[in-house]
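Have the 3D view open as you read.

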Amino acid sequence: MMAKTPQNIEAPKVASRGNLAARRLTGEGADASLDAVKSQSSEVRDIFSARKDKADSHEDLVRRIADNKDRSAFAELFAHYAPRLKSYLMGLGLNDEKAEDLAQETMVTLWRKAAQFDPAKARLSTWLFRVARNRFIDHTRKQKYAEVDADDHMSQMVAPEQTDAPAVQRQYAERVKAALAGLKPAQKQVIELSFYQEMSHSEISAELALPLGTVKSRIRIAFEALRKELRDMA
Amino acid sequence: MTKTGLLPDEWLVSYASGALTEAQALVVACHAEYHDELKERIADAEAVGGALLEGVVPARLSVGALDNAFKAIEALDEEAPSEDRVPAFTAPRMPTPLASLLGKGFDELKWGFMGPGMKKLMLKTYENGERLWLLRAKGGTEMPFHDHRGLEFTLVLTGGYKVGDTHYTPGMMEVAGPEDTHHQPIIDEGEDCICLAVTDAPIKLHSFVGRMFQPFIGL
């Protein structure tokens, strides 16, 4: 299960800050971002080519970081999640550079706390979402967002082997996406304003010129529908 | 509004999405500690966040982003991840986020006078005008009638109180808004009722007696 890892990947002496302008939200998908990480050092390129045919789940990759400080596992997770974290953070209003900084910090947190990640309790995307959300709040509001040990409830937990397969992971995201798409546009809108803009009920109410009570009931109905979908999957 | 004393889903979604203020998030995190059902719902809402994260159009990273991450990792310097140990207060139970904030038990705090049978302690003021309070009332106290100009979250930590037909006991949360007029909590007989509260605007007291208390309460 453990791939042999290069022990000493050397960072380039000078990090180029030249083409900041080239950074932008892109519709080209993950491959473009993957190129950006791949093209850097030959060691990193090797990591990617060595891993070409492996299809470890994201959770397995975290395990390899926890057990062996496996850089190739980290590189693979980075390639997948860092561009998405950056996109989410830019959506919250951070500029390109700051969004990338916080995306990086989030991924470094994953490296640091890999041993604490328990795939039986949470999906990696959920875990990363929490970290990025909290980092964003720390950064923009200079405040700490009190944490709930939400995985502590232990009820209806999915067995690890069921969540492990990348296909299931993808399927899960697909189904939540499908469930979102299945919501009435008005309900989907309040969920997206909540998560992608971090808007409070009163901010949404002002944004959409709706009574506060309507905003709240829409969120409740939308969440109930999404929750049903999540529960059906588990 | 919250007849069962459990925070309604729309607030759990706001917690999960990061849309709560810090003071609200603190009280919600304390509240959730009492109820597995709430933790589960918050975990579900955060899973929605995770799925939305999976679904965004990936942004382009700068050249060398991964190498920079490895540099940051090397700079970590093998320092052990710091485990924030929270002082344990067994009796009465104190939720973890509050225990971290206070660092001591309820009886070691410097309570201020708020009115007959009532004490208060302002823990924090926030830039947005919110205030975080501990309120303490002797068993049997009838609080003065008051309206709410803003939103108020109140989490019961010890004892209990009634508002109308609703009975709030430890772990239960009351959410009151400007629409809740003539709000008069009546404290249960027996032990002191201690509550953690967030206010976002001063409350307005009715009646001569109430107005007389206003300077004391000062919420």
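**Confidence first, then helix packing**

α3(A) passes α4(A) in a left-handed crossing, meaning that the near helix is turned anticlockwise from the far one by less than a right angle, whereas clockwise would be right-handed. Helices here are DSSP runs of H or I with at least four residues, strands are runs of E with at least two, and both are numbered from the N terminus.

Before going further, a word on the model. This is a predicted model, in which local features need pLDDT of at least 70, side-chain atom pairs count only at pLDDT 80 or more, and totals for chains, interfaces and linings use all residues. Residues are numbered from 1 along each chain as its sequence is written, while chains are lettered from A and ligands numbered from 1 in the order in which they are written.

How confident is the prediction for chain A? The average pLDDT (the predictor's confidence in each residue, from 0 to 100) is 76 for chain A, and 67% of the residues score at least 70. In chain A, pLDDT stays under 50 over residues 1–54 and also over residues 154–165. Where pLDDT is low, the predicted coordinates should not be read in detail.

Back to the helix pair in chain A. Helix α3 covers residues 58–68 and helix α4 residues 71–91; their axes come within 8 Å and cross at roughly 140°. The axes are lines fitted to C-alpha atoms over the stretch in contact, with angles from 0 to 180 degrees between N-to-C directions. α3(A) and α4(A) are therefore oblique to each other, since angles under 35 degrees count as roughly parallel, over 145 as roughly antiparallel, 65 to 115 as roughly perpendicular and the rest as oblique. From α3(A), A:His58, A:Leu61, A:Arg64 and A:Ile65 meet A:Ala73, A:Phe74, A:Glu76 and A:Leu77 of α4(A); contact means C-beta atoms, placed from the backbone, within 7 Å.

Now turn to chain B, whose secondary structure comes to six helices and 11 strands. Among its contacts between residues at least 6 apart in sequence, 69% join residues at least 24 apart.

Which helices pack between the two chains? Helix α5 of chain A (residues 96–113) packs with helix α4 of chain B (residues 65–74) at an angle of about 50°, their axes 10 Å apart. This pair, α5(A) and α4(B), is therefore oblique too, and α5(A) passes α4(B) in a right-handed crossing. On the chain A side, A:Glu100, A:Gln104, A:Met107, A:Val108 and A:Trp111 meet B:Ala65, B:Asn68, B:Ala69, B:Ala72 and B:Ile73.

How values were computed. Contact = placed C-beta atoms within 7 Å.
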